[in-house]
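Please look over the sequence and the structure shown below before reading on.

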Amino acid sequence: MRIIATKNYDEMSRAAASLIAAQVLQKPDSVLGLATGSSPIGAYKKLIQWYQAGALDFSACSTLNLDEYVGLTPDNDQSYAYFMRQNLFDHINIKPENLNIPDGTNPDAAGECARYDRVIEAFGGADLQLLGIGRNGHIGFNEPGSVFVRGTNCVQLTQSTIDANKRFFAREEDVPRKAYTMGIGGIMMARRVVLVACGEDKAEAVAKTVSGPITPEVPASILQLHRDFVLIADEAALSQLEK
C-alpha cells in the first residue's frame, strides 16, 4: 500500500491523473478501469487537458466502468454512461467500440452480470482501476454486507448512498434503487488500484479502509490485500489516520 497525501482536491486530481497518464504512456493499449462521481472529475479534466496539448493518445485504450444504475438509458443525463461521455470520453480520442459499461437497460440481472464478468475476464482485469469511496466504505456500488461479493452483481442501494446521490436528481424518489456493479473480484483483478478521496466526510471510511480490520462491512478494506494499492487523499480525508 502506498499513500499519497495532498493538500486539496486539485492536488489529489493531478496526482491521480499523473498515474493514469503514466499508465497510458507506458502501455498505449492499456485497459483503464474508471469510476464516476465527483471524486474523479478533476482527474478527468487533467487528462483532457493533457490530451488536448498532444501529450496523451487514448486511441488504443479500452475501458471498464465500475457500475451503472439499473433502469436508466445511456442518454439519460443521470446515467453513468452519460457521465463518462460528458466528463471524459467525448473529449479524448478513445474509440466508442472500446468502451465497456454495464447495461442498465437490461432487465435480466443475472444475464447482464454474467456478460460483464466475461468482458472483465477477457481483459484479465484492468491495468489500472480508479476508485472513489463512499462514506460507508463502498467501492463501486459494493455496499457493506456480510460477505465480499466476487462477481458483477445487482445491488440494492443503501439509504446512505441514495442520500449521497439525491443531489443529482430533481427528487429523492427519482434516484434509482438498484445498480449493476463490478464485484470485489473484478476490482481486485486490476494490476494497480488507485483510490481517490477528498474531504472530511470521507475520513472515517479512509481510516477504516487503511487501518481497520478487513471486513465486508467496510468493502474498501479488502484493498489492504491488493498487491499494488495506491491511496491518494487530501489532508481532510486523511485526518483520522494515526500519525
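The structure is a predicted model, in which local features need pLDDT of at least 70 and side-chain atom pairs count only at pLDDT 80 or more, while totals for chains, interfaces and linings use all residues. Residues are numbered from 1 along each chain as its sequence is written, and side-chain values use heavy atoms, with hydrogens and water left out.

Two packed helices are described by the angle between their axes and the distance between the axes. Here, axes are lines fitted to C-alpha atoms, for helices over the stretch in contact, and angles run from 0 to 180 degrees between N-to-C directions. Helices (H or I, at least four residues) and strands (E, at least two) are DSSP runs, numbered from the N terminus. Helix α1, residues 9-26, and helix α2, residues 41-52, have axes that come within 8 Å and cross at roughly 55°. That makes α1 oblique to α2; angles under 35 degrees count as roughly parallel, over 145 as roughly antiparallel, 65 to 115 as roughly perpendicular and the rest as oblique. On the α1 side, the residues that meet α2 include Tyr9, Arg14 and Ile20, and their partners in α2 include Ile41, Lys46 and Trp50; contact means heavy atoms within 4.5 Å. The residues of this contact of α1 with α2 divide into nine nonpolar, three polar and three charged. In this division Ala, Val, Leu, Ile, Met, Phe, Trp, Tyr, Cys and Pro count as nonpolar, Asp, Glu, Lys and Arg as charged, and the others, Gly among them, as polar.

Helix α2 also packs with helix α3, residues 80-87: their axes come within 10 Å and cross at roughly 40°. That makes α2 oblique to α3. Ile41, Tyr44 and Ile48 of α2 make the contact with Phe83, Met84 and Asn87 of α3. Five of the residues in the contact of α2 with α3 are nonpolar, one is polar and none is charged.

The aromatic rings come next. A search of the whole structure finds five aromatic pairs. Rings of Phe, Tyr and Trp (its six-membered ring) pair if their centres lie within 6.5 Å, and planes under 30 degrees apart count as stacked, over 60 as edge-to-face and the rest as tilted. One of the pairs is edge-to-face: tyrosine 69 and phenylalanine 169, at 6.0 Å centre to centre with 75° between the planes. This pair links distant parts of the chain, with tyrosine 69 in strand β4 (residues 67-69) and phenylalanine 169, 100 residues apart from it, in the loop between α5 (159-165) and β7 (178-181). Both tyrosine 69 and phenylalanine 169 are buried, where buried means under 20% relative accessible area, exposed over 50% and partly exposed in between (1.4 Å probe, protein chains only). Tyr69, Tyr80, Phe141 and Phe169 form one aromatic cluster.

Lysine 166 is also found in the loop between α5 and β7. At 34% relative accessibility, lysine 166 counts as partly exposed. Not counting residues up to four places away in sequence, lysine 166 touches Glu172 and Val175.

Threonine 158 is found in the loop between β6 (153-156) and α5. With a relative accessible area of 25%, threonine 158 is partly exposed. Leaving aside neighbours within four places in sequence, threonine 158 is in contact with Asn136 and Glu143.

Alanine 237, finally, lies in the segment after β9 (229-234). At 0% relative accessibility, alanine 237 counts as buried.
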